Amino acid sequence: MTDVATKPRPGTSLRGFSAPILLVAALVVVPVMLGLLTTSWSTPDDESYVRMAFASVAGATLAIAAVLGLLVDRIIRRATVSTIAIFAVISLVVVPYELGVMSRAADLLLVRLSL
């Protein structure tokens, strides 16, 4: 067997995890789980509002880090230009959206705390 046959193609996996699985986990699964874990199931108080806002910011930060990390990984591994372009477009969509999520979480926290 040749060395080429045993190595995965550049840009196809990140230490055993595929990029689509990492994207779905970082953009959807983990932020939703953080939101569910920090949601106040009774009448929320100030601590609950702060906890929910921090969970929103943590989920957005994770999404930004995952998308940019995958883009940098593809660049370092010298993936094809089309693969790098796809991850760049995903980054250009996700990063501004998640920064907006952080901003809305801060605004909503101030409204809920009546500040």
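Modeller: One term before we start: helices here are DSSP runs of H or I with at least four residues, numbered from the N terminus. Also, this is a predicted model.

Colleague: Fine. Where does Val95 sit?
Modeller: Val95 is in helix H4, which covers residues 81-112.

Colleague: Buried or exposed?
Modeller: Val95 is buried, because its relative accessibility is 18% and the cut-off for buried is under 20%.

Colleague: What is Val95 in contact with, leaving aside neighbours within four places in sequence?
Modeller: Ile64 and Leu68. Leu68 is 27 residues from Val95 along the chain, and their C-alpha atoms are separated by 8.5 Å.

Colleague: Switching topic. How do the axes of H2 and H3 cross?
Modeller: At roughly 175°, and the axes come within 8 Å. H2 is residues 19-38 and H3 is residues 46-76. Angles over 145 degrees count as roughly antiparallel, so H2 and H3 are roughly antiparallel to each other.

Colleague: Which residues meet there?
Modeller: From H2, they include Leu23, Leu27 and Leu34; from H3, they include Ala55, Leu62 and Arg74. The residues of this contact divide into 16 nonpolar, 2 polar and 2 charged.

Colleague: What span should H3 have, and what are its ends doing?
Modeller: H3 has 31 residues, so at 1.5 Å a residue it should span 45 Å. Its end C-alpha atoms are 44 Å apart, which agrees.

Key
Residues numbered from 1 in each chain as written. Predicted model: local features only at pLDDT ≥ 70, side-chain atom pairs only at ≥ 80, totals over all residues. Heavy atoms only, no water. Helix = DSSP H or I, 4+ residues; strand = E, 2+ residues; numbered from the N terminus. Buried < 20%, exposed > 50% of the residue type's maximum accessible area, 1.4 Å probe, protein only. Contact = heavy atoms within 4.5 Å. Axes fitted to C-alpha atoms, helices over the stretch in contact; angles between N-to-C directions. Parallel < 35°, antiparallel > 145°, perpendicular 65-115°, else oblique. Nonpolar A, V, L, I, M, F, W, Y, C, P; charged D, E, K, R; others polar. Expected span 1.5 Å × (residues − 1).
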